[in-house]
Amino acid sequence: MQHEHRRRRRAPSLLAAALAIGATLTLAQPALATPAPTQCTVDRKCPTAPAGRDDPPPTQPPRPQPLPPPVIPSDQDTLSTLVNAGVPQTQPTWPGVGPALGTGVAQPTPGQRVVRIVIIGDSYMSGEGAGAYYNAHGVLPPPPSYQVGPGGALMMVPAPGYQLSDYDEDWRHRSANSAALLAIAELRRQNPDVVFDVRFEASSGAETKNYWVPQNDAGRVNPAQGDVLLPDRADHHADLVIVGLGGNDIGFADRLKLAVKLSDTRPLRALDQQYAPMLAPRSDDTEWLDAINTGPGVPSTLVSRYIQIVRDIHRFSGDGTRVMMVSYPSGLVSGKVPTGITGTFINSSEVDLLAPLAGQLAGSMRRAQQIMQAHGIQSDLLDIQGAYQGHELGTPDPYVNGLTLRFGAPNLSNALQESFHSNASGTALLSRYYAETIATSLKLVYKPPTPPQPTPGGGGGGGASPNEPPPTWYSDPSNPPATGNPGTGSPGTGTPITGYPDLDPIPGTQPSDPAAPGTGLENPPPTIPIPDPGEGQPHHTGPACTPNEDPTLPPPRLHGGKCLG
């Protein structure tokens, strides 16, 4: 190169000059390089060669810029998009005059056995998605008729003895097709000599905190579900309490809405990380201490929250009560995208993020059960996460609703309530597992249909995928059901068992026709007012109650202005 020749020609003369003035030149030090000429392009981008080199560096590819955060559509925009896309819409149905929630009216004969069952839970326990929802009074009214009104508008005409308000949708969505009620109906048929007194407290959208505090969200008003067991209720003792909660504690509804709104999974992944601490593993001692030392409904993990609820049930319901926790059926399988319109809005990456939730919830229940067993607290677990194997979304005959909209819903949350919940075929299958475990717990007669039912302790049951265990009943081996459990109640008194016909109606409401035959509302109990605590404001916590000195006791509960326990 021209510059190299110039350096070679000048080097001897420089050395001679240095020797002439007596300077010492260290040859190991490199000579200063002459800057390379600048090579500029026509757009004035002039790369500079590094010292000691003549050639310019290779052009580096531009560094990728981070993607901007996604714009999340509003609920109203999303609802409009779903409607315009043709997502199926469901409408309220009235299958006919049915009994009130619970047992309606029953007259036990002298010496007749009475079995009391309390059902506590969220949408999967209430029967969300299976249709035939009771109204706010706990009644299934007969179908209305329609007539053409002024201006040609179609007007609803209530059935005789009913009012228009009887057809208002109760967004708690307590279904006559819920698995628990179907199971009890079958047990009632096979045990005609037993009176079943049922309290159906479950409500769509409920969290574990709603065992302790009233629920008031998205049009769903429900009293604290655990209040049915408090001593001021004359019939607070239960032979069996069925509990199915936890899905809303880890944001099931929020996850569903995000998945529907966006194909970009970053917000959904962020939400997954937000709820991860609720499912994080901790030592048995940490879980136990969190449950007994933290206020009702606020422990850090689901494991501790389950422990807290089960301890409270045993505390207030009395000796002899059995608690049966129920997990969630998995309606999604990783790698299997739902078909039809659902697959348009839910992609494979979102399925992979949503599918593990059922197993994670079941794992928390199982941990809680094991810890309680170590402390002598009875609990059974019906694990049904694998019950729908072969009938998940994306299969020809799914037992789970795909994406659906509820006609006339006031907001996106209510519109999507039935989506990704069991349909009537699913709850019918689940009812068989419920029936066998209830019958085993309470020593009732039950002839199981095929397919085979869950086997105590594992194994058996319907088929399941390799990643999902078959439906399994984990009975508490240290607290087996009593032989010949006689049930409770007041056998021989001839007192009518009214079940729970009004199911704590919305404040200020009463059945429009309390004497209507067949409704079970002949003698409704008084309306229980439900104060609105505001979002996230519990009624059973706060400074009004002093913690127990005995750490083995559950935290005190504030009820009716009094501290219980």
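**Entry 1: a pair on the chain.** I began with Arg-266, which is partly exposed at 33% relative accessibility. For the scale: under 20% relative accessible area is buried, over 50% is exposed, and partly exposed is in between, with a 1.4 Å probe and protein chains only. Arg-266 forms a salt bridge with Asp-264, with 2.7 Å between the closest N and O atoms. I noted what counts as a salt bridge: a side-chain nitrogen of Lys or Arg within 4 Å of a carboxyl oxygen of Asp or Glu. Asp-264 is partly exposed, at 25%.

**Entry 2: ground rules.** This is a predicted model, in which local features need pLDDT of at least 70 and side-chain atom pairs count only at pLDDT 80 or more, while totals for chains, interfaces and linings use all residues. Residues are numbered from 1 along each chain as its sequence is written, and side-chain values use heavy atoms, leaving out hydrogens and water.

Entry 3: How many salt bridges does the structure hold? I found 17. One of them joins Glu-169 to Arg-406, again with the closest N and O atoms 2.7 Å apart. Glu-169 lies in the loop between β4 and α4 and Arg-406 in strand β11, so the pair ties together parts 237 residues apart in sequence. (Helices, H or I with at least four residues, and strands, E with at least two, are DSSP runs numbered from the N terminus.) Glu-169 is partly exposed at 23%, whereas Arg-406 is buried at 7%. I also looked up Asp-290 and Arg-282, whose side chains meet in a salt bridge at 2.8 Å, N to O. Asp-290 is buried at 11%, and Arg-282 is partly exposed at 23%. Asp-75, Lys-257 and Lys-261 are linked in a salt-bridge network.

**Entry 4: helix α8.** Is this helix enclosed or open to the outside? Of its 16 residues, 14 are buried, so α8 is largely enclosed by the rest of the structure. The helix covers residues 302–317 and reaches 22 Å from first C-alpha to last, close to the 22 Å expected (1.5 Å times one less than its number of residues). Gly-318 follows α8, and its phi is positive, near 105 degrees.

**Entry 5: the core.** The largest nonpolar core has 103 residues; such a core is a set of buried Ala, Val, Leu, Ile, Met, Phe, Trp, Tyr and Cys residues joined through side-chain atoms within 4.5 Å. Among those with the most contacts inside it are Leu-82, Ile-117 and Tyr-434.
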